[in-house]
Amino acid sequence: MSVNYGSKRLVVGAHYGLRDWIAQRVTGLLMALFTVIVLAQVVLNKGPMGYEKWAGIFAAQWMKALTFSVIVALLYHAWVGMREIFMDYIPGAYVRLLLQTFSIVWLVACAGWAIQVLWRL
Amino acid sequence: MSEISPPPRAKRPEFRNINPFNDMPGYRWPLAAIVSGMHRFSGLLMFLLMPFIIWMFDTSVSSEISFARFTSAFRNGLGFFPGPLVKLVALGLIWAFLHHFIAGLRHIYMDIFHTVSKEAGRISAQWTLALSLGLTVVLGAKLFGLY
């Protein structure tokens, strides 16, 4: 571990690049797995896909737990992606900060709504 | 210090303070760059349309009545949005999801197998586009009731 304190302290570089890079992939894989599981149940379903069957997919407790994790994963995944877009295209610190703030509120609000829906099931 | 100076080189164009309107149209867009740009764009699109996605999740799973509201949005429209427009937005989301999904798997594949050559990037970009656009056409035809 390199020295990163006192006069040797790095004052630039966020250092969360690798962590976010890994998180982006892990959360992406989790959502991919979720997609495959949902799609498999839709494809393997016999007869017309009505409300009962569709809602039934999400009603099982393990599926609720998985869906909950996917919502949280999506929240983080989208945050990393949006932050990347802002860092690349928005040069002004104030505008960028404003957009990042908006993204956080937007994502947390969306995640809250989705979890609320899930909890009612 | 010796007085060796590097041989004079041809002056290469320098790009500082890139102007999007004057400089960017001259950029080359190889297939891998198109896939990368579309990966970003599809992610942004899904981010912006997230409330609609959750609305679909909400209405489709909450109750029998809301499920009917969900299906009628595609037939009879939603608020002042006509049904075909709702379908078109859904088609856009289907494309965005498929592209983002496949391009994301492509990234993970490249990370694991270290396929960083130009040629491999071009071939996997071709696969990504063919699969995502092909599946979008198949699912879009289903969405618009062509089969």
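Me: Which residues of α4(B) and α5(B) meet?
Reply: From α4(B) there are K87(B), A90(B), L91(B), I94(B), W95(B), L98(B), H99(B), I102(B), A103(B) and R106(B), and they meet S124(B), T128(B), L131(B), S132(B), L135(B), T136(B), L139(B), G140(B) and L143(B) of α5(B). Two residues are in contact here if their C-beta atoms, placed from the backbone, lie within 7 Å. The helices themselves are DSSP runs (H or I, at least four residues; strands are E, at least two), numbered from the N terminus.

Me: How do the residues of that α4(B) and α5(B) contact divide by class?
Reply: The contact of α4(B) with α5(B) has 11 nonpolar, six polar and two charged residues. Ala, Val, Leu, Ile, Met, Phe, Trp, Tyr, Cys and Pro count as nonpolar, Asp, Glu, Lys and Arg as charged, and the others, Gly among them, as polar.

Me: Before we go on, what should I know about the model and the numbering?
Reply: This is a predicted model, where local features need pLDDT of at least 70 and side-chain atom pairs count only at pLDDT 80 or more, while totals for chains, interfaces and linings use all residues. Residues are numbered from 1 along each chain as its sequence is written, and chains are lettered from A and ligands numbered from 1 in the order in which they are written.

Me: Thanks. At what angle do α4(B) and α5(B) pack?
Reply: The angle is about 150 degrees, and the axes of α4(B) and α5(B) are 9 Å apart. That makes α4(B) roughly antiparallel to α5(B). Axes are lines fitted to C-alpha atoms, for helices over the stretch in contact, and angles run from 0 to 180 degrees between N-to-C directions. Angles under 35 degrees count as roughly parallel, over 145 as roughly antiparallel, 65 to 115 as roughly perpendicular and the rest as oblique.

Me: Left-handed or right-handed crossing for α4(B) and α5(B)?
Reply: Right-handed. A crossing is left-handed if the near helix is turned anticlockwise from the far one by less than a right angle, and right-handed if clockwise.

Me: And what about α3(B) against α4(B), what angle there?
Reply: About 105 degrees, with the axes of α3(B) and α4(B) 5 Å apart. That makes α3(B) roughly perpendicular to α4(B). A73(B), F74(B), R75(B) and N76(B) of α3(B) make the contact with G83(B), V86(B) and K87(B) of α4(B). By class, three of these residues are nonpolar, two polar and two charged.

Me: What is the span of α4(B) end to end?
Reply: The end C-alpha atoms of α4(B) are 45 Å apart, which agrees with the 45 Å that its 31 residues should span at 1.5 Å a residue. The expected span is 1.5 Å times one less than the number of residues.

Me: Where is H114(B)?
Reply: H114(B) sits in the loop between α4 and α5 of chain B. Its phi is near 55 degrees, a positive value in a residue other than glycine.

Me: Buried or exposed, that H114(B)?
Reply: H114(B) is exposed, with 8 other C-beta atoms within 10 Å. The cut-offs are 20 or more other C-beta atoms within 10 Å for buried, 12 or fewer for exposed, and partly exposed in between, with C-beta atoms placed from the backbone.

Me: Switching to the two chains. How many residues does the contact take from chain B and chain A?
Reply: It takes 18 residues from chain B and 19 residues from chain A. On the side of chain B, the elements giving two or more residues are α1 (31-48), α2 (50-62), α3 (64-76) and α4 (83-113). α2(B) gives the largest share, eight residues. The chain B side divides into 11 nonpolar, four polar and three charged residues.

Me: Which residues of α2(B) are buried?
Reply: M50(B), I54(B), T59(B) and V61(B). Their cover includes α2 (51-59) and α4 (93-120) of chain A together with α1 and α3 of chain B.

Me: What does I108(B) touch?
Reply: R25(A) and L29(A), not counting residues up to four places away in sequence. I108(B) lies in helix α4 of chain B and is partly exposed, with 15 other C-beta atoms within 10 Å.

Me: Last one: at what angle do α3(A) and α1(B) cross?
Reply: Roughly 120 degrees, with the axes coming within 10 Å. α3(A) and α1(B) are therefore oblique to each other, and their crossing is left-handed. A78(A), G81(A), M82(A) and I85(A) of α3(A) make the contact with R40(B), G43(B), L44(B) and F47(B) of α1(B).
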